[in-house]
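I opened the model to look up a few things.

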Amino acid sequence: MTSQELLDFLIIGAGPAGLSAADAAASEGLTYLVIEKGTIANTIRQYPVGRTMFSTPNELEMREGSLHPVRDKPTREELLSHYIHFVLDHDLRVTTGEEVTDVKADDTDGFIVQTRCRGFHAEEQENKYRARNVLFAFGAMEHPRRLNIPGEDLAKVHHRFVEPYPYVRKEALVVGGGNSAAEAALFLSEEGARTTMAIWREDWENRDPKAGAMKHWVRSPLEREIAEGRLRVILYKDIDEITPDSVRLTNETGESMTIANDVVFVLIGSDADLTILKKLGVKTAPGKLTEVPIYDRETFETNVEGIYVAGHFTNARHIKAAIDVPRKIVPLIARKLRALATR
Ligand SMILES: Cc1cc2nc3c(=O)[nH]c(=O)nc-3n(C[C@H](O)[C@H](O)[C@H](O)COP(=O)(O)OP(=O)(O)OC[C@H]3O[C@@H](n4cnc5c(N)ncnc54)[C@H](O)[C@@H]3O)c2cc1C
């Protein structure tokens, strides 16, 4: 779909932030479109199969009282279905399988948004859209962090964890110190993979939830797996090399260890790709965990007028904030557009 129509508002990404923005734009009567390179709520789709969310329904739902999980917190599947049905039930304008590749300032009207889409029939097509305002809600999953060691490109090395079932009775290593790594180690161990978790001591001993400590409902069963001898934890300094049938690492006392291995999960976080934003002239700064765009705290507008940011790659990182911020800023954008129209 190539549009010569000048949209009021173009949204990049159909995660919780993008969908919330679309809903707010529809309520304000704005002409809008969400462009999503994957599927609706693509990041949630990439969570481990059957995973229970950390958050409660009121922090995740698109409308108050609309998410009804079987237990007190929804699973990946329940949440995914909630977001998909939100798009369908409210007939939100979302295109999927279409990636924004560039955004340029247009001398007269705002911005030209360039996309590339891969259809179900595999042919690629390039499109252009015009919009007065653009919201970047493209998350922070673009670049999974790497160890940058020999063997990391072997097929058995993964930077995302989706399911434990292929690894029953296999030698699995999980590298990482946050919740994603801890959950993967737990799921693997519970489903019969011979699992080793390599973690830095400071992460293993971290009990501060504000500093990204493992959630207690992950740590407790993990400790049970360890106590019952199914899961091994190695406090390590460096992972040195991955080979087809082993991993060589240096433990925290400086001893070199070679462990038998069939599959490796490197789960040490991921970063947004800020290239398009920076090319547009948006300034960035070091954030709490990674580089973030600089934006107005009230409007979430960047230093480039008409370019807004929301969601996981800003300082408002969780789903609740990803949903709340667009609800606050889209009415401000609508007000600005109405003021311009009456000039
Ligand atoms: C394993 C895991 C578990 C988590 N558990 C929780 C939890 O329990 N509670 C919680 O609050 N948070 C949790 N989070 C964090 C949560 O997923 C994010 O806060 C949330 O997804 C942020 O929403 P968002 O809309 O900002 O970004 P995302 O959900 O990442 O959405 C961004 C979208 O933009 C799309 N996109 C990216 N680049 C482009 C492009 N160039 N063109 C078009 N589309 C693009 C992506 O495909 C994606 O669909 C978890 C994260 C992970 C990885």
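The model is predicted, so I kept local features to pLDDT of at least 70.

**Entry 1: the sheet**

I traced the strand order. Seven strands form an open sheet, running E8-E14-E9-E10-E11-E12-E13. The pairing is mixed. Which strands sit at the edges? They are E8 (157–158) and E13 (256–260), and each of these pairs on one side only.

I then went through the pairs around E10. E9 and E10 run parallel and share five bridges. Here Val-175 stands opposite Ala-198 of E10. E10 (residues 194–199) also pairs in the parallel sense with E11 (residues 231–243), over five bridges. On that side, Ala-198 has Ile-234 in E11 as its bridge partner. I noted the general rule too: strands of a sheet pair through backbone hydrogen bonds, either parallel or antiparallel.

I checked how covered E9 is. Four of its five residues are buried, so E9 is mostly covered.

**Entry 2: helix H5**

I tested the length of H5 (179–190). At 1.5 Å a residue, its twelve residues should span 16 Å. The end C-alpha atoms lie 16 Å apart, which agrees.

Next I asked how many residues of H5 are buried. The count is ten of the twelve, so the helix is largely enclosed by the rest of the structure. I listed the buried ones: Asn-179, Ala-181, Ala-182, Glu-183, Ala-184, Ala-185, Leu-186, Phe-187, Leu-188 and Ser-189. What do they pack against? Their partners are E9 (171–175), E10, H7, E11 and E14 (263–266). Three of the sheet strands named in Entry 1 come up again here, among them E9, E10 and E11.

I also looked past the end of the helix. Gly-192 follows H5 and has a positive phi, near 90°.

**Entry 3: Glu-183**

Is it buried or exposed? Its relative accessible area is 8%. The cut-off for buried is under 20%, so Glu-183 counts as buried.

I looked for its contacts beyond four places in sequence. They are Arg-51, Phe-54 and Val-218. I also took one C-alpha separation. Glu-183 and Pro-48 are 135 residues apart along the chain, and their C-alpha atoms are separated by 8.8 Å.

**Entry 4: the second largest pocket**

Which helices each supply at least two lining residues? They are H5 and H7 (216–227). H5 gives the largest share, four residues. By class, I counted ten nonpolar, two polar and four charged residues in the lining.

**Entry 5: the cavity**

I searched the whole structure for cavities of 30 Å³ or more, and one turned up. The volume of the largest cavity is about 40 Å³. Its lining is made of Glu-171, Ala-172, Leu-173, Arg-194, Thr-196, Arg-232, Ile-259, Ala-260 and Asn-261. E9, E10 and E13 are the elements that give two or more residues to it. E9 gives the most, with three. By class, the lining has four nonpolar, two polar and three charged residues.

**Entry 6: positive phi away from glycine**

Most residues other than glycine have a negative phi.

Ala-41 has a positive phi of about 55° although it is not a glycine. It is in the loop between E2 (32–35) and H2 (42–45). At 1% relative accessibility, Ala-41 counts as buried.

Arg-169 also has a positive phi, about 60°, and is not a glycine. Its place is in the loop between E8 and E9. Is Arg-169 buried or exposed? At 64% relative accessibility, Arg-169 counts as exposed.

Note on methods
Residues numbered from 1 in each chain as written. Predicted model: local features only at pLDDT ≥ 70, side-chain atom pairs only at ≥ 80, totals over all residues. Heavy atoms only, no water. Nonpolar A, V, L, I, M, F, W, Y, C, P; charged D, E, K, R; others polar. Pairing = 2+ DSSP bridges. Expected span 1.5 Å × (residues − 1). Buried < 20%, exposed > 50% of the residue type's maximum accessible area, 1.4 Å probe, protein only. Contact = heavy atoms within 4.5 Å. 1 Å grid on protein atoms, 1.4 Å probe; cavity = no way out; pocket = protein on both sides within 12 Å on 5 of 7 lines; lining within 4 Å. Points joined across faces, edges and corners; volume = space filled by probe spheres on them.
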